[in-house]
Amino acid sequence: MPLHRKDLLGIEDLSVEEINLILDTAETFRDINSRRIKKVPTLRGKTVINLFFEASTRTRTSFEIAGKRLSADTINISASTSSVVKGETLIDTAQNLEAMAPDAIVIRHSSSGAPHQIAKYVNSAVINAGDGAHEHPTQALLDALTIRHNKGKFAGLKVAIIGDVLHSRVARSNAYLLSKLGAHVSFAGPNTLLPHGFEKQFANAEGSVRFAANVNEAIADADVVMMLRIQMERQAGGFFPSLKEYSIHYGLNLKRLSLAKPDAIVLHPGPINRGVEIESDVVDGPYSVILDQVANGVAVRMAVLYLLAGGE
Ligand code: CP
């Protein structure tokens, strides 16, 4: 079954069938990533532009590796080295890139909805690599692939997502994806960083989304614990008294993790603030699948590029 859409802008409007198609396709690309020669001719002759207006290590690198492993020509553009610094608008930038006939444009932008705007002006596939506090669809897909590998299912799983939910596009995309697939998501964090009312959007989902009374309640009996990064760059409002207090009340340490199921897994999208939202002995310990998430990111982005850029 092909993916009948031009763009991947978010998880909100993806069907369960589309999500499963991307995950199943990513599964086949995981095998390629463990071969000695990690390259297939699938996107030979195609061009992928990575247009990043915000910093990134994992997403940009894995989109570039994904494109290269599929034999696409990949070009990276940072806002700081583009004509954006001379005042060129987002739409002008996109239309000028479109004039060079790429097959896909991957965009990260600090403004929610920026990829959606670009998608209206270009014929190339547009892939959202994170827009403001809105969505980060390929992150949620790689998280889902990691959970599926470890748990074998989504229906009935208890997933705790802890921390700065308010600013987190990762939390939003995961809430859509995991509840569509039948998981029960419990959010927790400082009250100032929880967008109350958000959970009402999921009333018709197969699974559920709720705000737990506190972090310990969210983590109790969880199958999956996902910690969110405290987004220092978006914390101008003084949402909590100090990082030390944040760590004590909301951070994940081994004692708090012992409330979860004995076979629980710990995820974090990165970059990690060690000693703030998560302690090093959890990051580097046996429950952590954080680097598996990064590895799965390449497979998921290969799948998305293949499905949207017309791979054969
Ligand atoms: N998880 C994630 O989006 O990481 P980067 O900001 O490094 O891309």
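How many helices and strands are there in the protein? And what surrounds the ligand?

Analyst: This is a predicted model, where local features need pLDDT of at least 70, side-chain atom pairs count only at pLDDT 80 or more, and totals for chains, interfaces and linings use all residues. Residues are numbered from 1 along each chain as its sequence is written, and side-chain values use heavy atoms, leaving out hydrogens and water.

The protein has 11 helices and 9 strands. These are DSSP runs: H or I of at least four residues for helices, E of at least two for strands.

Now the ligand. Around it stand Ser-56, Thr-57, Arg-58, Thr-59, Arg-108, His-136, Gln-139, Pro-269 and Gly-270. Each has a heavy atom within 4 Å of the ligand. By type, this shell holds 1 nonpolar, 6 polar and 2 charged residues. Here Pro counts as nonpolar, Arg as charged, and Gly as polar.

Look at the polar contacts, pairs of N or O atoms within 3.5 Å. Arg-108 places a polar side-chain atom 2.8 Å from a ligand oxygen. Arg-58 uses a backbone N or O atom, 2.9 Å from an oxygen of the ligand. Gly-270 also uses a backbone N or O atom, 3.3 Å from a ligand nitrogen. Taken alone, the ligand exposes 260 Å², and the protein buries 92% of that. These areas come from the Shrake-Rupley method with a 1.4 Å probe.

Terms used
Polar contact = N/O pair within 3.5 Å; in protein donor to acceptor, adjacent residues only side chain to side chain.
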